[in-house]
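Subject: Structure for you to look at

Dear colleague,

Here is the structure I promised to pass on. Please have it open while you read the notes below it.

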Amino acid sequence: MDVNKVRGMVIGVRQSGDADKFVTVLTRNKGKLTFYAKGAFKPKGKLTAATELFTCAEFVYSSAKGLNVLQGADITESFYELREDIESLAYAGYFSELADSFTAYKVNDEVILVLLYLCIKELLRKVYKYKHIRAVYETGLLRFSGYISDFSSCDVCGNATEYIGMEGGYCKEHKQVQSIFVNKPVLKAIKYICESPVKNILSFSLDEKYLDELCAVNDEFIKDIIPYKLKSRKFLKDICND
Ligand SMILES: [Zn+2]
């Protein structure tokens, strides 16, 4: 039986029987992995804390017959403070469920893990508005998953972009049926998010009305990629009206 170690963050938790859990972990170098964690649903189980949603840890596991069994974990960050603030918890829950929906198993998604980690940290720092963090996280996720680029010029003629869609950016003349009109400040923000290194990705400002516009564009794109409703998205709407 092989014993492996991997660093990552818990992005999904599901109860199994009375006492056990299956946890989904977005890892640094092995994509997304699911671990079976025996006894982790018990309040004082040895794996209970390490298998809470958002926990970052080095996970030790063995693999046999296609099942990864969690043996232990060394927690580096629990993000426990999220539990003390229902709004940041609602955003963090949505961010992690969205990451889970966007990432395939065993594909190296380290940059998505970094983006998720940074955005959850920012929810607690409270420097940026929640809506700003949400807009950046969604656009960043679309970028790093390869769905969008910076839309800097019309795909047909090279003139300035005014309309965008998952298929590309267009001028007024060449817009496609499903293209969405976007104002210049929103296009500039998308360009910034699509070009900056992940560590600086939040460092810009955008007026509230344009943040709303960027979030509405993201909602349209995400609806095309994930045809089902995320539970955490509904929760976010109920709690924060966002
Ligand atoms: Zn054009």
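This is a predicted model: local features need pLDDT of at least 70, side-chain atom pairs count only at pLDDT 80 or more; totals for chains, interfaces and linings use all residues.

Residues are numbered from 1 along each chain as its sequence is written.

The secondary structure comes to six helices and eight strands, where helices (H or I, at least four residues) and strands (E, at least two) are DSSP runs numbered from the N terminus. Along the sequence these elements follow the pattern β-β-β-β-β-α-α-α-β-β-β-α-α-α. The radius of gyration of the chain, taken over C-alpha atoms, is 19 Å, close to the 18 Å that the globule rule (2.2 Å times the number of residues to the power 0.38) gives for 242 residues, so the chain is as compact as a globular protein of that length. Its C-alpha atoms fill a box of roughly 60 × 35 × 30 Å along the principal axes. Buried residues make up 37% of the 242 residues; a residue is buried if 20 or more other C-beta atoms lie within 10 Å of its own, exposed if 12 or fewer, and partly exposed in between, with C-beta atoms placed from the backbone.

The chain is divided into domain 1 (2-78) and domain 2 (90-240), with bounds that come from an automatic or database domain assignment. The centres of the two domains, taken over C-alpha atoms, are separated by 29 Å. In domain 1, 13 residues are in contact with 17 residues of domain 2, a contact being two residues whose C-beta atoms, placed from the backbone, lie within 7 Å. On the domain 1 side, strand E1 (2-16) and strand E2 (20-27) are the elements that give two or more residues, and the largest share, four residues, comes from E1.

Turning to the helices, the 16 residues of H2 (residues 110-125) should span 22 Å at 1.5 Å a residue, and its end C-alpha atoms are 23 Å apart, which agrees; the expected span is 1.5 Å times one less than the number of residues. Among the buried residues of H2 are Ile112, Leu116, Cys119 and Glu122, and what covers its buried residues includes E1, E2, helix H1 (86-102) and H3. Just after H2, Lys126 takes a positive phi of about 60°.

Helix H4 (residues 184-195) has twelve residues and reaches 16 Å from its first C-alpha to its last, close to the 16 Å expected. Val186, Leu187, Ala189, Ile190 and Ile193 are buried in H4. Seen down the axis of H4, these buried residues fall within an arc of 160° (that of the directions from the helix axis to the C-beta atoms), so they line one face of the helix. Their cover includes helix H3 (130-144) and helix H5 (208-225).

Two further residues deserve a look for their backbone angles. Phe79, in the loop between strand E5 (67-77) and H1, has a positive phi near 55° although it is a residue other than glycine, and with 21 C-beta neighbours inside 10 Å Phe79 counts as buried. Asn241, in the segment after helix H6 (231-240), has a positive phi of about 50° and is not a glycine either, but with 6 C-beta neighbours inside 10 Å Asn241 counts as exposed.

With best wishes
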